[in-house]
Amino acid sequence: MAASAREDGGRGQEHGRRGCEHYDRGCLLKAPCCDKLYTCRLCHDSNEDHQLDRFKVKEVQCINCEKIQHAQQICEECSTLFGEYYCSICHLFDKDKKQYHCENCGICRIGPKEDFFHCLKCNLCLAMNLQGKHKCIENVSRQNCPICLEDIHTSRIVAHVLPCGHLLHRGYRCPLCMHSALDMTRYWRQLDDEVAQTPMPSEYQNMTVDILCNDCNGRSTVQFHILGMKCNICESYNTAQAGGCRISLDQQ
């Protein structure tokens with residue numbers, strides 16, 4: 001699965017580093033909503049009953065001299081560097097990860113910028129290898145991941161662009177259209193072997209069922225098997241039963 005650009009964010013607490021588990025920075029944000037000081041908006045949101053609007057942040061406090069001042073990259077009192085990267089729009093301070101601010105997304109993304117392009121229809125930054133090679137869905141990222149329910153557009157987790165055009169943080173099948181999210185050919189062949197090695201009881205051996213393939217949308221009539229029913233058209237096991245089971249009359 002190809003990936004979209006993710007919002008800038010850390011990967012966890014590191015021993016001896018400044019900031020919080022989300023970001024490496026030398027200042028605290030003064031929340032405009034409650035006037036409390038927090039290292040980042042995520043720390044604020046996990047401790048308060050409301051969310052911090054990153055775009056409305058006006059002041060920060062230096063972690064060394066504790067001077068409260070207008071948001072900027074370097075402390076005006078002691079010259080502490082608040083962040084190797086600083087965005088004056090998002091008020092994002094962090095170590096350098098090749099971040100860039102995307103005007104169309106409205107937030108900062110982890111780059112390098114030249115590795116991504118902004119698809120105007122999908123309204124999202126995507127990897128360059130997807131340019132002209134992905135299925136566009138209008139505003140596709142302006143929704144929650146159907147698996148983990150986290151907002152995709154502002155998530156710090158990479159979203160995978162599925163062949164069907166939908167976005168997913170993880171999973172092997174799109175829960176929206178049910179298409180396979182990965183190349184499952186190797187797994188289907190393993191299932192072939194398992195089906196061949198697992199004969200059904202005699203009362204089921206002549207039983208057939210109509211199926212609908214979620215990958216090619218084709219319909220087939222196949223032999224019923226408890227491990228799965230393979231599409232006769234594309235050989236995928238990503239199928240759904242489309243009718244009741246019946247005994248094949250010519251084999252009774």
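The questions and answers below concern a predicted model.

Me: Into which domains is the protein chain divided?
Reply: The model is a predicted one. The assignment of its protein chain gives domain 1 (25–92), domain 2 (100–166) and domain 3 (201–245).

Me: How many residues does the contact take from domain 1 and from domain 2?
Reply: The centres of domain 1 and domain 2, taken over C-alpha atoms, are separated by 27 Å. The contact between these domains takes 9 residues from domain 1 and 8 residues from domain 2.

Me: What area is buried between domain 1 and domain 2?
Reply: Across this interface the rule finds 0 salt bridges, and 0 residue pairs in polar contact with both at pLDDT 80 or more. On the side of domain 1 that touches domain 2, the elements that give two or more residues are α1 (41–47) and β6. Carbon and sulfur atoms give 67% of the area buried between domain 1 and domain 2, which is about 550 Å².

Me: Is the pair of Phe-82 and Phe-93 stacked or edge-to-face?
Reply: The structure holds 5 aromatic pairs. In the pair of Phe-82 and Phe-93, the ring centres are 6.1 Å apart and the planes stand at 80 degrees. Planes over 60 degrees apart meet the cut-off, so this pair is edge-to-face.

Me: Which parts of the chain does the pair of Phe-82 and Phe-93 tie together?
Reply: Phe-82 is buried at 0% relative accessibility, and Phe-93 is buried with a relative accessible area of 0%. The pair ties together parts that are 11 residues apart in sequence, because Phe-82 lies in the loop between β5 (68–70) and β6 (85–87) and Phe-93 in strand β7 (residues 92–94).

Me: Which residues form one aromatic cluster with Phe-93?
Reply: The rings of Tyr-86 and Phe-93 have their centres 4.5 Å apart and their planes at 25 degrees, so this pair is stacked. The aromatic cluster that holds Phe-93 is formed with Phe-82 and Tyr-86.

Me: Is Asp-94 buried or exposed?
Reply: Asp-94 has its place in strand β7, and its side chain makes a polar contact of 2.7 Å with the side chain of Lys-97. The relative accessibility of Asp-94 is 1%. Under 20% is the cut-off, so Asp-94 counts as buried.

Me: How far apart in space are Leu-28 and Tyr-38, C-alpha to C-alpha?
Reply: Leu-28 is found in strand β2 (residues 27–30) and counts as partly exposed at 22% relative accessibility. Leaving aside residues up to four places away in sequence, Leu-28 touches several residues, among them Tyr-38, Glu-59 and Ile-63. Leu-28 and Tyr-38 are 10 residues apart in sequence, and their C-alpha separation is 5.2 Å.

Me: How far apart in sequence are the parts tied together by Lys-30 and Glu-59?
Reply: A search of the whole structure finds 7 salt bridges. In one of them, Lys-30 pairs with Glu-59, the closest N and O atoms being 3.4 Å apart. Lys-30 lies in strand β2 and Glu-59 in strand β4, so the parts tied together are separated in sequence by 29 residues.

Me: Which residues are linked with Asp-192 in a network of salt bridges?
Reply: Lys-230 forms a salt bridge with Asp-192, with the closest N and O atoms 3.2 Å apart. Lys-230 lies in the loop between β15 (219–223) and β16 (239–241) and Asp-192 in helix α2, so the pair ties together parts that are 38 residues apart in sequence. The network links Asp-192 with Lys-230 and Arg-189.

Me: What is the omega of the cis peptide bond that joins Gly-111 and Pro-112?
Reply: Most peptide bonds are trans. Pro-112 is found in the loop between β9 (107–110) and β10 (116–119). The bond that joins Gly-111 and Pro-112 is cis, with omega of about 10 degrees.

Me: What is the phi of Glu-66?
Reply: Most residues other than glycine have a negative phi. Glu-66 has its place in the loop between β4 (59–62) and β5, and counts as exposed at 55% relative accessibility. The phi of Glu-66 is positive, near 65 degrees.

Key. Residues numbered from 1 in each chain as written. Predicted model: local features only at pLDDT ≥ 70, side-chain atom pairs only at ≥ 80, totals over all residues. Heavy atoms only, no water. Phe/Tyr/Trp six-rings, centres within 6.5 Å; stacked < 30°, edge-to-face > 60°. Helix = DSSP H or I, 4+ residues; strand = E, 2+ residues; numbered from the N terminus. Buried < 20%, exposed > 50% of the residue type's maximum accessible area, 1.4 Å probe, protein only. Contact = heavy atoms within 4.5 Å. Polar contact = N/O pair within 3.5 Å; in protein donor to acceptor, adjacent residues only side chain to side chain. Domains from an automatic or database assignment. Buried area = accessible area lost by both parts, 1.4 Å probe. Salt bridge = Lys/Arg side-chain N within 4 Å of Asp/Glu carboxyl O.
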